[in-house]
Amino acid sequence: MLLDSFRWGAIIPLLAVCAVAQTIINGQIYTPGIAIVDAPQPNTPLGGDNLHVALDVTSNGQLQLPPYPTKPTSAIYNITIFLSSYTTGKNFTVSNGTVSAGNASLGAIMQQEPGSTVKHVNWIWPDCLVGDGNPTGSSSSRGLYNISIRQNFRLNGTDMYTIFDLPIKVTNKISSASDRPSCDALNNPLLNQTVLNASANTFTRIAGSAIETTGKGTGLGGTKPEASPQNGLGGAGILSWRTCAHTLWIGAFLVLLVY
C-alpha cells in the first residue's frame, strides 16, 4: 500500500508539466481539432461497466452535423478512439469505424445518434481490466491510460489529422461479466512517440476561434451529460496532447519500473 502510494505520488508531478497544453473552459476540453470533449475530465479514476466518452462534434454549434456539403469548408471526416498506455503496454481499439462482435469495438462515431450534437461513446471494458483499486503488480493491465482521440477533419479549408491524448486512471471497480470482450482481440501494437508525431499535424485549437462553414449550424451543442465520477465528470486535473501525454506515459513507466 505504501509503495503504491509512493508510485502515484511520484507520477503526479509529471502531470503538472502539461497544465497549459490545452484549454478547458466550463468543463469542456478543446482538442487540437473540431471536437470538444465534454466527458471524462482529465485524470479521473474510472470504472463501472463501460468507458463513457462524450464528444461535441459541432464545437458548440459552430459546425453543422453531417451530411456535409459536397465540398465543405469545414467538416469532421471521421473520429477514431483508442485506449492506450505505455505503462501497461496496451493499446485497445475503442472505435475504428467498424463494429465488431458484441460491440467489442464500436462503429463510426459520426454516424451515432443522428441529430445529436454530442456523441456518446459507451465502450465495454475488456476482461483484463476487471478489478478494484490500483494495479497490484507489474503484470496488471489496470492503471494509467490515455483516451487517444484521432480526428481526420477539414477546418477552414485545410485538411488535417490530429491526435489528442486524454489521461485517465483505470482504478475504480470493474466487475467480472460474461459479455466482457477479450483484451487480446482488441489490443494493437503501440507506436512510439516519433512515429505518432510524424503521423499527425501540429495544431492547437484556440478556444473561441471561428469555424467557417458552407452551411448553417444546427444550434448550440448539447449540455454536458449527467454523470458521476465513475463515468468521467467531476475529476480534478489537467490534460495533455501528444508530446505531454507521452511524457506522462514514459515517466510513469520509469517510476513503476524503478520502484
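**Close-up views of a predicted protein model**

The protein exposes about 11,400 Å², and carbon and sulfur atoms supply 56% of that area. Please keep in mind that this is a predicted model.

View 1. The protein has 259 residues, and buried residues make up 50% of them. How much of the contact within the chain comes from residues 24 or more positions apart? Among contacts with a separation of 6 or more, such residues account for 75%.

**View 2. Phe92 and Trp123 form a tilted ring pair.** A pair of aromatic rings is described by the distance of the centres and the angle of the planes. Searching the whole structure turns up three aromatic pairs. In the pair shown here, the ring centres of Phe92 and Trp123 are 6.5 Å apart and the planes meet at 35°, so the pair counts as tilted. Phe92 belongs to strand β7 (residues 90-97) and Trp123 to strand β9 (residues 118-124), so this pair ties together parts of the chain that are 31 residues apart in sequence. Are these two residues buried or exposed? Phe92 has a relative accessible area of 0% and is buried. Trp123 is also at 0% relative accessibility, which counts as buried.

**View 3. Phe92 also stacks with Tyr145.** Here the ring centres of Phe92 and Tyr145 lie 6.3 Å apart, with their planes at 25°, so the pair is stacked. This pair links distant parts of the chain, with Phe92 in strand β7 and Tyr145 in strand β10 (residues 143-155), 53 residues apart. Tyr145 counts as buried because its relative accessibility, 1%, is under 20%. Stepping back, which residues do the ring pairs link into a cluster? They are Phe92, Trp123, Trp125 and Tyr145.

**View 4. Ala75 sits in strand β6 (residues 75-85).** Ala75 counts as buried, at 0% relative accessibility. What does Ala75 touch, leaving aside its neighbours within four places in sequence? Its contacts are Ile34, Leu63, Tyr68, Phe153 and Arg154. To follow one of them, look for Leu63: the C-alpha atoms of Ala75 and Leu63 are separated by 7.4 Å, and the two residues are twelve residues apart along the chain.

**View 5. A disulfide joins Cys128 to Cys183.** A disulfide is a covalent bond between the sulfur atoms of two cysteines. The count for this structure comes to one disulfide. In the bond between Cys128 and Cys183, the S to S distance is 2.0 Å. Why is this disulfide called left-handed? The torsion about the S-S bond of Cys128 and Cys183 is about -90°, so the disulfide is left-handed. Cys128 lies in the loop between β9 and β10, while Cys183 is in helix α2 (residues 183-186), so the pair ties together parts that are 55 residues apart in sequence. Cys183, with a relative accessible area of 4%, is buried.

Definitions and conventions
Residues numbered from 1 in each chain as written. Predicted model: local features only at pLDDT ≥ 70, side-chain atom pairs only at ≥ 80, totals over all residues. Heavy atoms only, no water. Phe/Tyr/Trp six-rings, centres within 6.5 Å; stacked < 30°, edge-to-face > 60°. Helix = DSSP H or I, 4+ residues; strand = E, 2+ residues; numbered from the N terminus. Buried < 20%, exposed > 50% of the residue type's maximum accessible area, 1.4 Å probe, protein only. Contact = heavy atoms within 4.5 Å. Areas by Shrake-Rupley, 256 points an atom, 1.4 Å probe, with all protein chains shown as cover. Disulfide = S-S within 2.5 Å.
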